[in-house]
Amino acid sequence: MKLNCDMGESYGVWTMGMDTDVMPYVDMANIACGFHASDPMIMAKTVQLAKVHHVAIGAHPSYPDLLGFGRRDMHFSTDEITHIVLYQVGALHSICYAQGVSLDYVKPHGALYNTMMKDEAVFESILHAMTLLPISVPLMILATDQAAIMRAKAHKQGVQLLLEAFCDRAYTDEGKLVSRDIKGAVLDTDEAITARVEELIVNKQITTISGKKLDIDADTICVHGDSAHALESVKTIRQFITSLSL
């Protein structure tokens with residue numbers, strides 16, 4: 001099981017996250033592309049860091065929402081969404097190309113990600129952006145019971161999907177992420193997060209916020225590297241996954 005983590009979310013002289021410390025323990029880095037966080041120099045430094053640690057690089061495009069960190073719902077036409085994504089992914093692809101590494105996948109961020117999972121038009125607009133790229137890379141989406149339908153739509157466009165689950169977020173009974181505005185939406189202890197990872201890998205299930213069991217078959221697990229205990233949490237998860245594979 002591969003671990004993916006949001007990275008490169010600093011901006012100018014303002015620092016967010018623990019990228020340098022966390023990068024050695026993850027497999028995939030979702031690098032912000034300037035619309036919810038990051039800037040050209042942060043993007044370049046994060047790509048270089050991923051290169052040093054042989055970590056796969058993913059573009060993490062969002063709505064143009066620096067003030068809201070890409071977490072606010074915004075409304076755009078389908079053509080606008082296509083080009084918002086194309087613009088950001090294209091920028092990171094160019095920085096990767098300049099450093100002699102590949103861009104390996106795309107994972108939308110925040111509100112754009114959540115909207116993609118419930119709005120067919122937004123999902124298809126993002127798929128269209130993927131088909132316009134000069135490279136062919138997978139699109140990462142949430143592993144839900146809709147995945148088979150979304151995979152069929154992506155296949156028609158020639159786009160591969162990667163399915164992910166979250167080890168530090170609560171789920172609704174419908175398989176969606178619980179809103180951060182709701183108490184208990186974020187799992188904040190190593191014990192709870194490790195239990196979720198074990199559940200995902202061993203049982204291919206998650207327990208929802210109400211206690212219901214849902215079947216989840218994911219390709220990758222998302223961890224977050226911007227909390228106070230992020231480094232120790234990621235180390236614990238990596239050690240646990242390694243022990244399962246022995």
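The chat below goes through a few local features of a predicted model.

Trainee: Let's start with the rings. How many aromatic pairs are there?

Mentor: The count comes to three aromatic pairs. In one of them, the ring centres of Tyr-113 and Phe-166 are 6.2 Å apart and the planes stand at 85°, so this pair is edge-to-face.

Trainee: Where do Tyr-113 and Phe-166 sit?

Mentor: Tyr-113 is in helix H4, residues 110–116, and Phe-166 is in strand S6, residues 161–166. The pair therefore ties together parts that are 53 residues apart in sequence.

Trainee: Buried or exposed, for Tyr-113?

Mentor: Buried, because its relative accessibility is 4% and the cut-off for buried is under 20%. Phe-166 counts as buried too, at 5%.

Trainee: Which charged end sits over the ring of Tyr-113?

Mentor: That of Lys-107, 5.9 Å from the ring centre.

Trainee: Switching to H6. Which of its residues are buried?

Mentor: Helix H6 covers residues 147–156, and its buried residues are Ala-147, Met-150 and Ala-154. Seen down the helix axis they fall within an arc of 65°, so they line one face of H6.

Trainee: Why would residues with that sort of spacing point the same way?

Mentor: An α-helix has 3.6 residues a turn, so residues three or four places apart point the same way.

Trainee: And what is exposed on the other side of H6?

Mentor: Ala-148, Ile-149, His-155 and Lys-156 are exposed there.

Trainee: What covers the buried residues of H6?

Mentor: The cover includes H4, helix H5 (120–132), strand S5 (139–142) and S6. H4 and S6 are also the elements that hold Tyr-113 and Phe-166.

Trainee: What follows H6?

Mentor: Gly-158 follows H6, and its phi is positive, near 75°.

Trainee: Which residues other than glycine have a positive phi?

Mentor: Among them are His-54 and Phe-69, each with a phi of about 55°. For background, most residues other than glycine have a negative phi.

Trainee: Where are those two?

Mentor: His-54 lies in the loop between helix H2 (40–52) and S3, and Phe-69 lies in the loop between S3 and helix H3 (78–98). His-54 counts as exposed, at 74% relative accessibility, whereas Phe-69 counts as buried, at 12%.

Trainee: On to the core. Which members of the largest nonpolar core touch the most other members?

Mentor: That core has 69 residues, and the ones touching the most other members are Val-26, Leu-92, Met-116, Leu-139 and Ile-141.

Trainee: What does Val-26 touch?

Mentor: Leaving out residues up to four places away in sequence, Val-26 touches Leu-3, Cys-5, Met-7, Val-55, Val-223, Val-234 and Arg-238.

Trainee: What about Cys-96?

Mentor: Cys-96 is in no disulfide, and the nearest cysteine sulfur, in Cys-33, is 8.9 Å away. Cys-96 counts as buried, at 0% relative accessibility.

Trainee: Back to S3. Where is Ala-56, and what is it in contact with?

Mentor: Ala-56 is in strand S3, residues 56–60. Neighbours within four places in sequence aside, Ala-56 is in contact with Asp-27, Met-28, Ala-29, Asp-104 and Tyr-105. Ala-56 is partly exposed, with a relative accessible area of 22%.

Trainee: What separates Ala-56 and Glu-80?

Mentor: They are 24 residues apart along the chain, and their C-alpha atoms are separated by 28 Å. For another pair, Ala-121 and Ile-81 are 40 residues apart in sequence and 9.7 Å apart in space, C-alpha to C-alpha.

Trainee: Where does Ala-121 lie?

Mentor: In helix H5. Ala-121 is partly exposed, with a relative accessible area of 37%.

Trainee: Last one, Thr-194. What does it touch?

Mentor: Thr-194 touches Thr-236 and Phe-240, again not counting residues up to four places away in sequence. Its place is in helix H7, residues 190–203, and it counts as buried at 18% relative accessibility.

Definitions and conventions
Residues numbered from 1 in each chain as written. Predicted model: local features only at pLDDT ≥ 70, side-chain atom pairs only at ≥ 80, totals over all residues. Heavy atoms only, no water. Phe/Tyr/Trp six-rings, centres within 6.5 Å; stacked < 30°, edge-to-face > 60°. Helix = DSSP H or I, 4+ residues; strand = E, 2+ residues; numbered from the N terminus. Buried < 20%, exposed > 50% of the residue type's maximum accessible area, 1.4 Å probe, protein only. Lys NZ or Arg CZ within 6 Å of the ring centre and 35° of its normal. Arc of directions from axis to C-beta. Contact = heavy atoms within 4.5 Å. Core = buried A, V, L, I, M, F, W, Y, C linked by side-chain atoms within 4.5 Å. Disulfide = S-S within 2.5 Å.
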